[in-house]
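The following note sets out points for a colleague who is examining the coordinates.

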Amino acid sequence: MSKRKDNKKRVLRKGEGQRPDGRYYFKYKDAKGNIHFVYSWKLEPHDVPPAGKKNEESLREIEKKIIRNVEDGILGYDSKLTVLQLVERYLQQKEGMVRHNTLAGYKFVTNILKKEAFGNMPIGHVKLSDARRWLIKLQKKDGRGYSSIHSIRGVLRPAFQMAVEDDMINKNPFQFELASVVVNDSVTRKAISRAEQRNFLDFVANDRHFSRYYDGIYILFYTGLRISEFVGLTINDIDLKGKKITVDHQLQRKRDMKYIIEETKTVAGIRTIPITDDVCAAFKRIIMNRKKPKVEPMIDGKVGFLYLDKNGMPMVALHWEKYFQHICQKYNSIYKVQMPKVTPHVCRHTYCSNMAHSGMNPKTLQYLMGHSDISVTLNTYAHTSFDQAEEELKKLNIQKL
């Protein structure tokens with residue numbers, strides 16, 4: 001029996017063939033018994049493709065991968081399952097398991113993939129270089145920030161890992177350090193100085209319009225509460241006699257304007273926080289000045305929220321973020337020395353920084369902040385300056401040897 005050969009008199013292997021136009025093909029069965037064909041203008045890697053044809057991967061390079069995949073039970077090399085379809089399949093497993101703001105993040109990722117050619121790419125064809133190039137393109141060409149790209153990769157990496165574990169592909173193309181591919185251009189949230197904090201609070205206290213929010217802002221600066229925890233506080237969570245507050249939930253408002261009570265961001269977020277006399281007085285004034293609504297709003301069994309909006313519903317994080325924004329704008333329109341951006345989270349970071357530089361034990365501060373990981377707290381201790389370092393050395397009072 002004569003052996004089949006190509007038009008260059010080279011012996012063709014089982015499954016290989018050459019069409020009349022000179023293009024090579026390889027016919028194979030996948031792990032499910034389905035027949036597939038792959039094509040290339042080159043039989044071997046060193047071959048030169050015909051004039052005007054793409055210098056693509058050779059048939060035998062493709063063939064080698066296919067044989068390995070079939071032997072390993074991999075189904076997806078020439079699978080029609082796209083990146084978008086894989087992500088949607090992965091996210092279906094998350095329904096009912098994640099919070100509403102996480103679901104919103106998932107929708108953000110799928111909407112991007114629907115618009116991108118990368119989203120239509122078969123998962124078995126996605127190489128590490130493809131994944132890297134796409135993320136670089138999102139930053140350099142599309143102008144997306146590092147945090148957005150971090151979120152996108154945060155969905156794609158576990159989705160592709162699922163495909164690996166399901167024997168659909170051999171390797172996860174998103175298994176790399178993000179910082180090695182795109183530039184971290186995110187703005188680090190910085191604590192403001194003690195002087196800036198005093199100026200900010202004094203301005204709010206003396207402003208005819210914003211003074212009504214002074215006590216709430218003071219509490220944020222001197223408790224380190226997350227804004228979602230603060231707006232979720234009810235009168236029953238505040239013990240004025242015992243000078244402490246109980247934090248065991250947070251208030252959120254979904255995109256459809258539905259209010260919900262959720263657990264704290266982390267298990268460590270459930271805590272009882274001691275409060276100073278000044279903070280206690282601020283809570284007391286809020287409760288005393290709180291207008292009695294016609295109908296007390298109840299959210300998932302919780303009543304007695306500290307601040308209500310004009311519709312008689314609890315204020316949420318967005319309200320306070322807007323107040324801070326307008327306060328900063330008004331302050332900077334009056335004073336030559338500008339106030340840096342101050343947000344509810346900056347208040348939290350400032351509290352953490354102040355406590356750290358005052359010498360508070362890191363484990364104590366971790367508890368007060370509700371950090372599940374001590375490294376998050378310790379990062380605050382790393383944010384120091386020459387003046388702070390000089391002050392610490394003076395405290396030590398090191399004698400000359």
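1. Aromatic cluster. In this predicted model, Phe118, Trp134, Phe160, Phe174 and Phe176 are joined into a cluster by ring pairs. Phe176 also has arginine side chains over its face: Arg132 lies over the ring at 5.0 Å from its centre, and Arg153 lies over the face of Phe176 at 5.9 Å from the ring centre.

2. Aromatic pairs overall. How many aromatic pairs does a search of the whole structure find? The search returns 20. One of these is formed by Phe230 and Trp320, whose ring centres are 5.5 Å apart. Their planes meet at 80°, and the pair is therefore edge-to-face, given that angles over 60 degrees fall in that class. This pair connects distant parts of the chain, with Phe230 in helix H8 (residues 227-232) and Trp320 in helix H10 (residues 317-334), a separation of 90 residues.

3. Burial of that pair. Are Phe230 and Trp320 buried or exposed? Phe230 has a relative accessible area of 2% and is buried. Trp320 is likewise buried, with a relative accessible area of 0%. Both assignments follow because the limit for a buried residue is under 20%.

4. Packing of H6 against H10. Helix H10 also packs with helix H6 (residues 194-206), at an angle of about 95° and with the axes 11 Å apart. H6 is therefore roughly perpendicular to H10, since this class covers 65 to 115 degrees. On the H6 side, the contact is made by Asn199, Phe200, Phe203 and Val204. On the H10 side, the contributing residues are Phe324, Ile327, Cys328, Lys330, Tyr331 and Ile334.

5. Leu81 sits in the loop between helix H1 (59-71) and helix H2 (83-92). Apart from neighbours within four places in sequence, Leu81 is in contact with Leu86, Arg89, Met121, Pro122, Ile123 and Met168. A further spatial relation concerns Gly124, which is 43 residues from Leu81 in sequence, while their C-alpha atoms are 8.2 Å apart.

6. Positive phi angles. Two backbone positions may be inspected here. Lys9, although not a glycine, has a positive phi of about 70°. Lys9 belongs to the segment before strand E1 (16-18), and it is exposed, with a relative accessible area of 66%. Met257 is also a residue other than glycine with a positive phi, in this case near 70°. Its place is the loop between strand E6 (250-253) and strand E7 (259-262). What is the exposure of Met257? Met257 is partly exposed, at a relative accessible area of 48%, because that class lies between the 20% limit for buried and the 50% limit for exposed residues.

7. The chain as a whole. The protein chain contains 14 helices and 8 strands. Of its 401 residues, 42% are buried. The accessible surface of the chain comes to about 23,700 Å², and carbon and sulfur atoms account for 52% of that surface. Among contacts between residues at least 6 apart in sequence, 56% join residues at least 24 apart. The pair of Phe230 and Trp320, at 90 residues apart, gives one example of a link between distant parts of the chain.

Note on methods: Residues are numbered from 1 along each chain as its sequence is written. Side-chain values use heavy atoms; hydrogens and water are left out. Helices (H or I, at least four residues) and strands (E, at least two) are DSSP runs, numbered from the N terminus. Buried means under 20% relative accessible area, exposed over 50%, partly exposed in between (1.4 Å probe, protein chains only). Contact means heavy atoms within 4.5 Å. Accessible areas come from the Shrake-Rupley method with a 1.4 Å probe; for residues, only the protein chains shown count as cover. Rings of Phe, Tyr and Trp (its six-membered ring) pair if their centres lie within 6.5 Å; planes under 30 degrees apart count as stacked, over 60 as edge-to-face and the rest as tilted. A charge sits over a ring if NZ of Lys or CZ of Arg is within 6 Å of the ring centre and within 35 degrees of the ring normal. Axes are lines fitted to C-alpha atoms, for helices over the stretch in contact, and angles run from 0 to 180 degrees between N-to-C directions. Angles under 35 degrees count as roughly parallel, over 145 as roughly antiparallel, 65 to 115 as roughly perpendicular and the rest as oblique.
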